[in-house]
Amino acid sequence: MHMQTEQIRLRHMKTRLLLNQISKFIFMLSAFFGLFFLAVLLVRVVTEGIGSINFGFLTGKLSTQPERAGIMGAILGTFWLMLVVAPVTMFVGVGTAIYLEMYAKKGKLVSFIQTNISNLAGVPSIVYGILGLTVFVRTLNLGNIVLAGGLTMSLLILPIVIVASQEAIRAIPFHLSEASYGVGATKWQTIQRIILPAALPGILTGAILSLSRAIGETAPLVVIGIPALLIPFPGSIMDRFTVLPMQIYYWTLDASLVSEYANLAAATIIVLLVTLFILNATAIIVRNKFQRVF
Amino acid sequence: MNSEFTKTKEVSIRSLIDENQRGNSLRRKTERLIPIGLMLLASLSILTTLGIIWTLLSETVEFFKRVPFLDFFTGTILKPLSQNPEFGVLPLLMGTVTSSLIAMVVAAPIGLMAAIYLSEYASLKVRKVVKPLLELLAGVPTIVYGFFAFTFVTPILRELIPSLQATNILSPGIVMGVMIIPMIASLSEDAMSSVPNAMREGAYGLGSTKLEVTRRVVIPAALSGIISSFVLGISRAIGETMIVTIASGSTKNFTFDITQSMQTMTAYIVEVTGGDAATGSTVYYSLYAVAMTLFVFTLIMNLLARSVSKKFREEY
């Protein structure tokens, strides 16, 4: 009798252990599934697009003939767009973070602003596009120029920049600012000369990462109305423009008509991903090299 | 010599003090002005919210002056550009809900299981490599996923399911799911990692296997975080635009058939703004009504996620 229950327990134990092993394997597969997908995506994009990348493609104008089309306009457009987004988000984002962390009294107003910021981070990007279309393009009558697109993108990534900057400022230990106050520095002097320099690597990392988000974002610009037709290279923030993701969008839509457009879209994706990769690598280098642990 | 030295020193100290006071009045002004300036910058985020709500609301009100509220929310036909236009939002809701559901069918189990692996099974070394790589997946622009869904996933799926249309809701749904995996994995992993080890040790002490500890101890303890990651995933899927716009087409189908092309709310917005809807036309206003619906949907989801993670959090 005793032997029997012992046997049952042993058999039971075996199934439990087997189940554990099987599920461990399934869990591992799930963790690597995403990476597998990413690998397939990259291989597919590279094999499809690498053949179209050459000097002419990178420096040429848009063209209706696939073999003559180039993406210089989109590259310049992305560049000009960032020239609006980067300063605006840094100025407003860091300013907001300083106010929330250093000046505002913890209370209802701060928690209201804080909740508001995290809600804004959850608003779909296309809704920002509608805001930009209504306010910048139509009400302020800017039209679909770099400035309007840049301000829209700025609003979109501001919540990310604010939160990253807040975390960077919060990570600065209390005794640094106490020491600064101790030698007679005012609050603003302390912020200017102690807090901001110490928080800069963290702030920059967050800013670069959110810029890469803005570079890859398409939906708000589609809504604002970026033309698919040939436009001259943008030379200032008041010019009309197109960007890399918009070019990918239009070429993908036309890929079912002209199959070469799929290659052009893939080639543009390669350029976009390389740009993002460089930005992200910069962010990681900035973080690892300049971030001090206090 | 000595007296001269004292004299010069006296003068310099006096001038220093004078200068300091002069500087102080300026400095005091800056000290007072800077917080005000910074507060104005901070209020910009509130202004953004007000801007969104005002923009959507004012034009939505205009829309409902032309199209009855009930017709909009119960109408199953959406023909904005026909001679007798009909503005039923249900086809779009159907598209959005279907694509989000397909995405969650992919993302919820795989994301959760990946989180379990990273939090409970993987060694520190593996975790340190896999987690950032998964985050790379989240950093890929959605337009790239759209291209991939349209030119790669759809053709493969059509081999398996011959009745699948060239534009359909299934393929973007699946790809959207993959896009959301890192988000769910990362948030759920955070929730599971913060379950204290003492609880695991207790269950191991009773003779549990790792799977049993995960199922009976870790997941129940981290449930609030896991559910809130699912809700955030749904919210992300609802707001996703480019993948569905490219790969699901613009047919305003009111159907349960996932092999068909269906238009989501986001894709409708892209279609209407991309075409030349004249300002002031009903089509133009319908854009805002749909955007308002989308905004309210995602807002509810985000608030829900926050309240779930707050309310049911077990404090240790």
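Helices (H or I, at least four residues) and strands (E, at least two) are taken here as DSSP runs, numbered from the N terminus. This is a predicted model, in which local features need pLDDT of at least 70 and side-chain atom pairs count only at pLDDT 80 or more, while totals for chains, interfaces and linings use all residues. Residues are numbered from 1 along each chain as its sequence is written, and chains are lettered from A and ligands numbered from 1 in the order in which they are written. For the complex, the predictor gives an ipTM of 0.91 and a pTM of 0.90.

**Confidence in chain B**
- On pLDDT, the predictor's confidence in each residue from 0 to 100, chain B has a mean of 89, with 91% of its residues at 70 or more.
- Within chain B, helix α1 (residues 2-66) has the lowest confidence, at a mean of 81, whereas helix α3 (residues 90-121) has the highest, at 96.

**Fold and overall form of chain B**
- Chain B contains eleven helices and two strands, arranged along the sequence as α-α-β-β-α-α-α-α-α-α-α-α-α.
- The radius of gyration of chain B is 29 Å, while a compact globule of 316 residues would have one near 20 Å; this radius is taken over C-alpha atoms, and the globule rule is 2.2 Å times the number of residues to the power 0.38.
- Along the principal axes, the C-alpha atoms of chain B fill a box of roughly 105 × 70 × 35 Å.
- Of the 316 residues of chain B, 45% count as buried, a class that requires 20 or more other C-beta atoms within 10 Å of the residue's own, against 12 or fewer for exposed and values in between for partly exposed, with C-beta atoms placed from the backbone.

**Domains of chain B**
- The domain assignment of chain B gives domain 1 (2-66) and domain 2 (78-311), with bounds that come from an automatic or database domain assignment.
- The centres of domain 1 of chain B and domain 2 of chain B, taken over C-alpha atoms, are separated by 43 Å.
- Six residues from domain 1 of chain B and eight residues from domain 2 of chain B take part in the contact between them, where two residues are in contact if their C-beta atoms, placed from the backbone, lie within 7 Å.

**Interface between the chains**
- The contact between the chains takes 62 residues from chain B and 64 residues from chain A, and α1(B) supplies the largest share of the chain B side, 17 residues.
- The chain B side divides into 40 nonpolar, 19 polar and three charged residues; Ala, Val, Leu, Ile, Met, Phe, Trp, Tyr, Cys and Pro count as nonpolar, Asp, Glu, Lys and Arg as charged, and the others, Gly among them, as polar.

**UniProt annotations and the model**
- UniProt positions are given in the numbering used here, feature names are shortened, and annotations may be inferred rather than shown by experiment.
- For chain A, the unreviewed UniProt entry lists "domain: ABC transmembrane type-1" at residues 75-282, a span that is 77% helix and 0% strand in the model.
- The "transmembrane region" feature that UniProt (unreviewed entry) places in chain A includes residues 120-139 and 221-241; residues 120-139 of chain A are 85% helix, with end C-alpha atoms 22 Å apart, whereas residues 221-241 of chain A are 19% helix, with end C-alpha atoms 10 Å apart.
- In chain B, the spans under this feature name (unreviewed entry) in UniProt include residues 217-238, which are 100% helix with end C-alpha atoms 32 Å apart.
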